[in-house]
Amino acid sequence: MTNFHFTAATGNPNVVAFANGDVTGDRVMDQIYLTGTKTPDSPYIRDIILHVRDGRTGVVTSITLHNNEGYNPTLFLGDFTGNGVDDILIGMSTGGSGGIINYYIVSFVGNQVRFLFDSDVYNNHFHYEVNYQDHYKVEVISRPNNERYIIDISTRDASYLNEIYDRNGKLKSPITGFVDPLSGLYPVDFDSNGVYELLAYQKISGRYHADGLGYMLNTLGWENNGFALQQQYLGIFGASL
């Protein structure tokens, strides 16, 4: 598999990402590429479309993405389902303050388009609650799997804590935080069997985006015709000694 990245010329559709691999399953290398139109005076790309050129027949199939604009569109080819055929992972950054990135995984086995992963579907499923608690704690609840995590924020700057807590460590008023949509989706072959799992990153924030508390880390694997949650971790930021 070979991956390339291109820079689009302003005003006209251009190839913005390119990869070679067998995505049809006939053991002939296909050409997979994204086209898009660069906006004036900006690296932002609009009207991003996925194209697959069948290496055996030369027929090109164009696939529309409902989130079809962003920065730095990328392609990655790998087998996510275990059928021995490459699938197509697409990413494009929204450029917002949350570092949100839209992702798709598309199967093209037998020249049939099938969406295996859509970040909108993922984001709508993985809901969290972030609640500040007394004594310098923040509770994070993951609703899909009913898991609860506690973040200790007692090492934060005193001025930050004094805005939130009284001298006895009690909350001055209720505070809720939030978990952003996907900011990273990384293919990782955790068990070295040639089939990729997904490692998903979502930022946990306190009172505002820059008030980062850590990340939710979900590992997903292909099970029963869809991606299922395998493991979940909460990663926190360290403090200087």
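Modeller: A strand is a DSSP run of E, at least two residues long and numbered from the N terminus, and two strands pair if DSSP finds at least two bridges between them. The model is predicted, so local features need pLDDT of at least 70 and side-chain atom pairs 80 or more, while totals for chains, interfaces and linings use all residues. Residues are numbered from 1 along each chain as its sequence is written, and side-chain values use heavy atoms, leaving out hydrogens and water.

The part to look at is an open, antiparallel sheet of 4 strands in the order β6-β7-β8-β9, in which β6 (71-78) and β9 (114-118) are the edge strands, each pairing on one side only. From one strand to the next the twist averages 20°, with axes fitted as lines to C-alpha atoms and angles running from 0 to 180 degrees between N-to-C directions. Between β6 and strand β7 (residues 87-93), which run antiparallel, there are 6 bridges, and Thr74 stands opposite Gly91 in β7.

Another open sheet, also of 4 strands, has the order β13-β14-β15-β16 with antiparallel pairing. Its edges are β13 (178-188) and β16 (226-236), each with a single partner strand, so one side of each has no neighbour in the sheet. The twist there averages 25° from one strand to the next. Strand β15 (residues 212-223) joins β16 in the antiparallel sense over 10 bridges, and Thr219 has Gln231 in β16 as its bridge partner.
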